[in-house]
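Welcome! Please take a moment to look over the model below, and then we will walk through some of its features together.

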Amino acid sequence: MTDLSNYRNIGIFAHVDAGKTTTTERILKLTGKIHKTGEVHDGAATTDFMTQEQERGITIQSAATTCFWRDHRFNIIDTPGHVDFTVEVYRSLKVLDGGVGVFCGSGGVEPQSETNWRYANDSEVARIIFVNKLDRIGADFLRVVEQVKNVLGAKPLVMCLPIGVEENFVGLIDLLTRKAYVWDDSGLPENFDVVEIPEEMKEQVEDYREQLIETAVEQDDDIMMAYMEGEEIAIDDIKTCIRKGTIALEFFPTYCGSAFKNKGVQLVLDAVVDYLPNPTEVDPQPLTDEDGGETGQFAIVSTDETFKALAFKIMDDRFGALTFVRIYSGVLKRGMTIMNSYTGKSERIGRMVEMHADDRNEIERAQAGDIIAIVGMKNVQTGHTLCDPKFPVTLEPMIFPEPVISIAVKPKDKGGSEKMGIAIGKMVAEDPSFRVETDEDSGETILKGMGELHLDIKVDILNRTYGVDLIVGEPQVAYRETITTPFEDSYTHKKQSGGSGQFGKIDFRIKPGEPGSGFAFKSTVVGGNIPKEFFPAIEKGFSGMMTEGPLAGYPVLDVEIEVYDGAFHAVDSSAVAFEIAAKGAFRQSMPKAGPQIIEPIMNVDVFSPESHVGDVIGDLNRRRGMIKDQEAGVTGVRIKADVPLSEMFGYIGHLRTMTSGRGQFSMEFSHYMPCPQNISVDVIAAAKERRALK
């Protein structure tokens, strides 16, 4: 039985191009997992194994691997940095106990760093910080430390200081031990010397060491009192305090180095062992009922408990379907029968594997704390709970964002339809933020995703991985409809045509709801004018009509309906009659309640060199953007704005042209806002045209 205190389940996350994958490669090399380091820019990184990742030099899907350091087992997940794939970060953080946030020494805290940091805060994941690329021009460790404080609102605990800046960066000083590590130019991580601290840095080292100890000892009253009385605190006691504060999210131990040049990665590995929690030291996952409400019970991390695990990722590769599973409690052995609490169906475990990117090692058993993959499971989706059939439980489910952009695709030849159907089925199972619908009238397949890059990658995978040639339509925005005016109305459904008739009368008020509230229904009928058993049918009738608004056929959001009176017939009234009445009422009253088209607004975060800021802001204004904030940094300016999604298509190419290739941006869905009149007219006209073509 493996000692759980020697487990570390960690994720590596950051903004695009901060060096997450390179850092992961160095960790695998140092721990002896790989013998030749692969580089991202060569398309040879271990965890970037998709063709699309190797070509574009970005991480698209999270990759899991296992390695060992100081007799501790690390289960590592390298996550994407691009905003279109944040769902990969979110679901990885959900099953991890700790994380390493990587920041670029020159770029600092970049847009996607903020999003990922926020996800990690929501998931209450303890983290250490690694400021990477200190050999770059413009790199400044202490500036990034200040940005972590100001931009992320976090408390970095500086654990080391760099020796030299930019191309003269040669090593670092460990503040706790007062040891200076200097690497030679061979690029080998083991080629370093422990030297005396440079004379000119001694005062700075003592200042930062004092700050470090003062912050750490606040975690233990007895140690703090001893420190206040002038006692020299043992390094092990300081480490205990740092560990306690890190796990409590009071502060984040902060390291620096250059992963590419193999400088400083050992200290990060030591910090993972010393300060990040093992699976038993984090708050256990809550158990929920069928509706997702918490039951007050938890999945205690222990091998003595009954089996509980969460399927957090589905992947289809050359060996078949893989279900990635984080085991929270109990033991899983080959040949065991387990239950999927979502479907209520049982499955027998055939093959289990330990993953190393896209390679695998067969295993016979796994236990609480492990992250493994199960081969060939059926009907399991992301977020499903796997458990002991005798003790069914449900773990807190995952919530995924709604897609905001869609494209229509169809195969170039008839033979491609079946291939495309099978391929898309696998892709939807793998990525919960990727949705697919079929337009019943036109027969087109509609792919929905989180952004242009997201859908571009999906089309590329369909083409190259599954061999489906596609005709791709223009991107479509996920418009919605709502109402602006409260309206009171009455509707009677009456049908008498031989045999038993149908009768249902409802008096109702319809009014705009709070933004983001969706659909709300209530009944205030008194005196039994409508029997209570018909209320669910009325609600079902109204909610069923919310899928298609009166203006352009888009789904309806943020509407409150109150049924306050009505009438029924002792013989002719039924649930069906009242459901039909609600549908008729919706059709009758929606056009009278000031219907309006609303559009998705995106949080856009743009980085621009200072010389091009005016052009970028002017361009965002032309795109109907609202500038919210500007923040000057050493290497450029960050501009935050709210911009309609419909104006952002092809933006990256335009931004690069404006900024001579130096601009970057990220965006994520923020909220819906009413469309201007001229845009609404175009949207409605386009919808009518589509209907006419059908």
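## Salt bridges

The structure holds 28 salt bridges, each being a side-chain nitrogen of Lys or Arg within 4 Å of a carboxyl oxygen of Asp or Glu. This is a predicted model, in which local features need pLDDT of at least 70 and side-chain atom pairs count only at pLDDT 80 or more, while totals for chains, interfaces and linings use all residues. Residues are numbered from 1 along each chain as its sequence is written, and side-chain values use heavy atoms, leaving out hydrogens and water.

## Pairs around Asp274

Let us begin with Arg70 and Asp274, which form a salt bridge whose closest N and O atoms are 2.8 Å apart. Arg70 sits in the loop between β2 (63–69) and β3 (72–78), and Asp274 in helix α9 (residues 265–275), so this pair ties together parts that are 204 residues apart in sequence. Helices (H or I, at least four residues) and strands (E, at least two) are DSSP runs, numbered from the N terminus. Asp274 is buried, with a relative accessible area of 15%, whereas Arg70 is partly exposed at 41%. Here buried means under 20% relative accessible area, exposed over 50%, and partly exposed in between (1.4 Å probe, protein chains only).

Asp274 also meets the side chain of Lys239 in a salt bridge (3.5 Å, N to O). That pair links helix α8 with helix α9, as Lys239 and Asp274 are 35 residues apart. Lys239 is partly exposed, at 26% relative accessibility.

## A closer look at helix α8

Helix α8 (residues 235–247) has 13 residues. Its first and last C-alpha atoms are 18 Å apart, close to the 18 Å expected at 1.5 Å a residue; the expected span is 1.5 Å times one less than the number of residues. Among the buried residues of α8 are Ile238, Cys241 and Ile242. After α8 comes Leu249, with a positive phi near 65°.

Another salt bridge joins Arg509 and Glu562, with the closest N and O atoms 3.2 Å apart. Arg509 is partly exposed at 32%, while Glu562 counts as buried at 17% relative accessibility.

## A buried strand residue

Which strand holds Ile405? Ile405 lies in strand β24 (residues 405–411) and is buried, with a relative accessible area of 3%. Ile405 and Leu645 are 240 residues apart in sequence and 8.3 Å apart in space, C-alpha to C-alpha.
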